[in-house]
Amino acid sequence: MTNNESDSSLEWAAQAYALLKQKQEEQKQEEQKQELKKQEEQKQEEQKQEEQKQVEQKQVEQKQELKKQEEQSLNAHSSSFNDEKSVELGAFDDDFTWSAMVLAAQGKKVDQISIDEVDWLSKLRRGLEETRKGFVTELLDKYGDDPLTPESLDDLETLLLRADVGIDSTNTVIDLLRKKLNEEVVGGEEGIKFLKEELRLIIDKPIINSGKKILVPQKGKFNVWLIVGVNGVGKTTTLGKLAYLSSKSNYKTLIAAADTFRAAAVEQLKVWGERSKVEVISNQSRNADPAAVVFDAISAANKRNTDLLLVDTAGRLQTKNNLMDELAKIKKIIDKKVPDAIVESLLVLDASQGQNGLKQAKSFAKSANLSGAIITKLDGTSRGGVSLAVSQEVGLPIRFIGAGEGIRDLRPFNSFEFIEALLADR
Ligand SMILES: Nc1nc2c(ncn2[C@@H]2O[C@H](COP(=O)(O)OP(=O)(O)OP(=O)(O)O)[C@@H](O)[C@H]2O)c(=O)[nH]1
Ligand SMILES: [Mg+2]
């Protein structure tokens, strides 16, 4: 963003903040009103009740309290989510201003933005801080707004490689910048703008090739999304967040617990099912056949008129071949039972694994017929650049990104927001 753009965007951000603040105040007042009304009604109700009824009521309340305590302890045990609570508007700070500017730059009107969007963008920017520190901050510290020189390009090349952007993507942008530099003087700020545009082209290419700007379940069809990847990358967590997004967007959603290899996998998934209010189809017996679980889940989905079936798969089997065989078997069952289903095989990659993740993507892509990637753990890694390598070197469209362990910490991928967060100014 240029300085002029920044000035008007700052004003825009202030207006947006005031509007959101007002909305929040109104919501709070409404909630207080409701609360008072509720209390009033409760009082009247209590007065009406006979002594006997009061006793019964107390017993019911006690039971409910016990159940609530049990649920709370289950939640506290598994993770630190606060899924039911809505997001609160924070301070009018740097994070808010930057997020508002990114939304404005995409043509959003002041009254069209939500606290959720601002919250996510702030998270993404903070999450990518380590990656960013590795190159933009260092580059700006060194050269400020001086025109780019061949030496600064060499430094930029090193920094891009260090952020795991990958050799191919790095060569592409550095060659283009070098060419531009031979033709004209390129200021620091202009250099960053050019870099953003070129990186965005790289990351957008597989998305454009796929013909789908974002991935959503197709209405009127049965959609099956297989969540695959090596162990520990975040498959189950991502599936839980997807279930939440999907059911919140009114798609009838179902989960198949097809990781039957790891003992605790079904329990972990059930907790996510409860959080997202999505039913989980599982087979409790140890080492049940994953394809049989998927078979059962499809039958259940047919009965319930499900829009989207999310399938959790194992990340670790005895050998890699077992893993690929198992995925092939699951796919076969789906093709046989619901040949018209829209099937997506989404590879989950842990950004913090950098080049290793890239290797996994290449190996999975060879044998698992993937249709997209989900990048997780973008919070707190210095290797967020690997997303570019996945786009350029494996040709996979990135469909969602995750930056945290909370139920809301996953969003459909938006290249503009991602690159802005990756290269945000100080
Ligand atoms: N910080 C952070 N942690 C994450 C994110 N996504 C997942 N995790 C954590 O990564 C760990 C592994 O996540 P799982 O979802 O169990 O990974 P998995 O791929 O299903 O693992 P297996 O089933 O064992 O193969 C958990 O502690 C998650 O909370 C993320 O975006 N950010
Ligand atoms: Mg798992």
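## Overall make-up

The structure is a predicted model. The protein contains 15 helices and eight strands. Its C-alpha atoms fill a box of roughly 90 × 55 × 35 Å, taken along the principal axes. Of the 426 residues in the protein, 39% are buried. Among contacts with a separation of 6 or more, 78% are between residues 24 or more positions apart.

## The sheet

The eight strands form an open sheet, in which the order is β3-β2-β4-β1-β5-β6-β7-β8 and the pairing is mixed. Because β3 and β8 each have a single partner strand, they stand at the edges, and one side of each is left without a neighbour in the sheet. On average, neighbouring strands of this sheet are turned by 25 degrees against each other, direction ignored.

| Strand pair | Sense | Bridges |
|---|---|---|
| β2 and β4 | parallel | six |
| β1 and β4 | parallel | five |
| β5 (residues 342-350) and β6 | parallel | five |
| β6 (residues 372-376) and β7 | parallel | three |
| β7 and β8 (residues 410-412) | antiparallel | three |

T253 has L308 in β4 as its bridge partner, and V224 stands opposite L309 in β4. Further along the sheet, D350 stands opposite T376 in β6.

Two helices can be described by how they lie against these strands. Helix α9 packs on the sheet and touches β1 (223-228), β2, β4 (308-313), β5, β6, β7 and β8. The direction of α9 makes about 170 degrees with that of β4. Helix α14 also packs on the sheet, where it touches β5, β6 and β7. The direction of α14 makes about 165 degrees with that of β7.

## Strand β4

Strand β4 is mostly covered, with six of its six residues buried. Which residues of β4 point one way, and which the other way? L308, L310 and D312 point one way from the strand, while L309, V311 and T313 point the other way. All of these residues are buried, on both sides of β4.

## Strand β7 and its neighbours

Strand β7 (residues 398-402) is largely enclosed by the rest of the structure, because five of its five residues are buried. The chain reaches β7 from β6 by passing through helix α14 (residues 386-394), and this β-α-β crossover is right-handed. Within β7, F400 is the bridge partner of I374. F400 also stands opposite P412 in β8.

In soluble globular proteins, nonpolar side chains tend to be buried together. In this model, the largest nonpolar core has 99 residues, and I255 and V311 have the most contacts inside it. Helix α3 (residues 94-105) gives the most to this core, with seven residues.

What does I255 touch, not counting residues up to four places away in sequence? Its contacts are L239, A243, L269, G273, V278, E279, V280, I281, L310 and D312. Two of these residues, L310 and D312, belong to the set that points one way from β4. V311, named above for its contacts inside the core, points the other way from that strand.

## Two loop residues with positive phi

Most residues other than glycine have a negative phi. N250 has a positive phi, near 70 degrees. This residue is in the loop between α9 (235-248) and β2 (253-258). Is N250 buried or exposed? N250 is exposed, because it has 8 other C-beta atoms within 10 Å.

K277 also has a positive phi, in this case near 60 degrees. The place of K277 is in the loop between α10 (265-276) and β3 (279-281). K277 counts as exposed because it has 12 C-beta neighbours inside 10 Å, and a residue is exposed if that number is 12 or fewer.

Key: Residues numbered from 1 in each chain as written. Chains lettered and ligands numbered in written order. Predicted model: local features only at pLDDT ≥ 70, side-chain atom pairs only at ≥ 80, totals over all residues. Helix = DSSP H or I, 4+ residues; strand = E, 2+ residues; numbered from the N terminus. Buried ≥ 20, exposed ≤ 12 C-beta atoms within 10 Å, placed from the backbone. Pairing = 2+ DSSP bridges. Right-handed = clockwise from strand over helix to strand, strands pointing away. Core = buried A, V, L, I, M, F, W, Y, C linked by C-beta atoms within 7 Å. Contact = placed C-beta atoms within 7 Å. Axes fitted to C-alpha atoms, helices over the stretch in contact; angles between N-to-C directions.
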